[in-house]
Amino acid sequence: MDAMEDMLVEKGLVGAVRARDVTVRNAAAGAVAASGDLIVNNGGIGAAAVGGNLAITNGGSGPIAAGGNVSIVNGGCQWIAAGGGATLGERSFVGAVLAPKIVVEDGGKVLLDLPKALAFGAAMGVAIGLIVRGARRSDS
């Protein structure tokens, strides 16, 4: 669907949504582009690009890019890049998060936040460098 008005996806499945404010309730959407806010209740979305805030309750998502705040309660997503803050509430999980402020409440989990991601990247760089160096020595 393609419209620059508010959109409600309820009790259904939509391939893609582009609108100002989007609400997904008891439904699923493949990809969502919202210039305003996105609310997901008892549902799921694929990738999300949101100009405003995003809130997920009892649901999940693929990658999220949001200009505002992201809040997840009883759900999860692949990764978050948020211009505002990211709050992971009770029974929530995120693979990786990049945001100026990250709040992980009791029962929330983040696999990689920025410090862990930087440490992981540095360790992988060293490991790959050693492998390449060892391969060059064996070729000589």
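**Exercise 1. Place Val-132 in the fold and describe its surroundings on the surface.**

Solution. Val-132 belongs to helix H1, which covers residues 114-139; helices (H or I, at least four residues) and strands (E, at least two) are DSSP runs, numbered from the N terminus. The model is predicted: local features need pLDDT of at least 70, side-chain atom pairs count only at pLDDT 80 or more, and totals for chains, interfaces and linings use all residues. Residues are numbered from 1 along each chain as its sequence is written, and side-chain values use heavy atoms, with hydrogens and water left out.

Step 1. The relative accessible area of Val-132 is 37%, so the residue is partly exposed. Buried means under 20% relative accessible area, exposed over 50%, and partly exposed in between (1.4 Å probe, protein chains only).

Step 2. Accessible areas come from the Shrake-Rupley method with a 1.4 Å probe, and for residues only the protein chains shown count as cover.

**Exercise 2. Determine how many salt bridges the structure holds, and state which parts of the chain the pairs tie together.**

Solution. Side chains of opposite charge can pair when their charged atoms come close. The criterion is a side-chain nitrogen of Lys or Arg within 4 Å of a carboxyl oxygen of Asp or Glu. The structure holds three salt bridges.

Step 1. Arg-20 pairs with Asp-6 at 3.1 Å, N to O. Arg-20 lies in the loop between strand S2 (13-19) and strand S3 (22-25), and Asp-6 in the segment before strand S1 (7-10), so this pair ties together parts that are 14 residues apart in sequence. Arg-20 is partly exposed at 39% relative accessibility, and Asp-6 is partly exposed at 41%.

Step 2. Between Arg-25 and Glu-10, the closest N and O atoms are 3.0 Å apart. Because Arg-25 lies in strand S3 and Glu-10 in strand S1, the pair ties together parts that are 15 residues apart in sequence. Arg-25 is partly exposed, at 31%, and Glu-10 is partly exposed, at 39%.

Step 3. Arg-91 and Glu-90 form a salt bridge at 2.5 Å, N to O. Arg-91 is partly exposed at 48% relative accessibility, and Glu-90 is partly exposed at 45%.

**Exercise 3. Identify the residues with the most contacts inside the largest nonpolar core, and list the contacts of Leu-38.**

Solution. A nonpolar core is a set of buried Ala, Val, Leu, Ile, Met, Phe, Trp, Tyr and Cys residues joined through side-chain atoms within 4.5 Å.

Step 1. The largest such core has 31 residues, and Val-22, Leu-38, Ile-64 and Ile-80 have the most contacts inside it.

Step 2. Contact means heavy atoms within 4.5 Å. With neighbours within four places in sequence left aside, the contacts of Leu-38 include Val-22, Val-24, Val-32, Ile-45 and Asn-53.

**Exercise 4. Is Ser-61 buried or exposed, and which backbone oxygen does its side chain reach?**

Solution. Ser-61 lies in strand S8 (residues 60-61).

Step 1. Ser-61 is buried, with a relative accessible area of 12%.

Step 2. Its side chain reaches the backbone oxygen of Gly-46 at 3.2 Å.

Step 3. Beyond four places in sequence, Ser-61 touches residues including Ile-45, Gly-76 and Cys-77.

Terms used: Patches are made of residues with over 30% relative accessible area and no salt bridge: like charges are joined within 9 Å, nonpolar side chains (Val, Leu, Ile, Met, Phe, Trp, Tyr) within 5 Å. A polar contact is a pair of N or O atoms within 3.5 Å; within protein, one must be able to donate a hydrogen and the other to accept it, and residues adjacent in sequence count only if both atoms are side-chain atoms.
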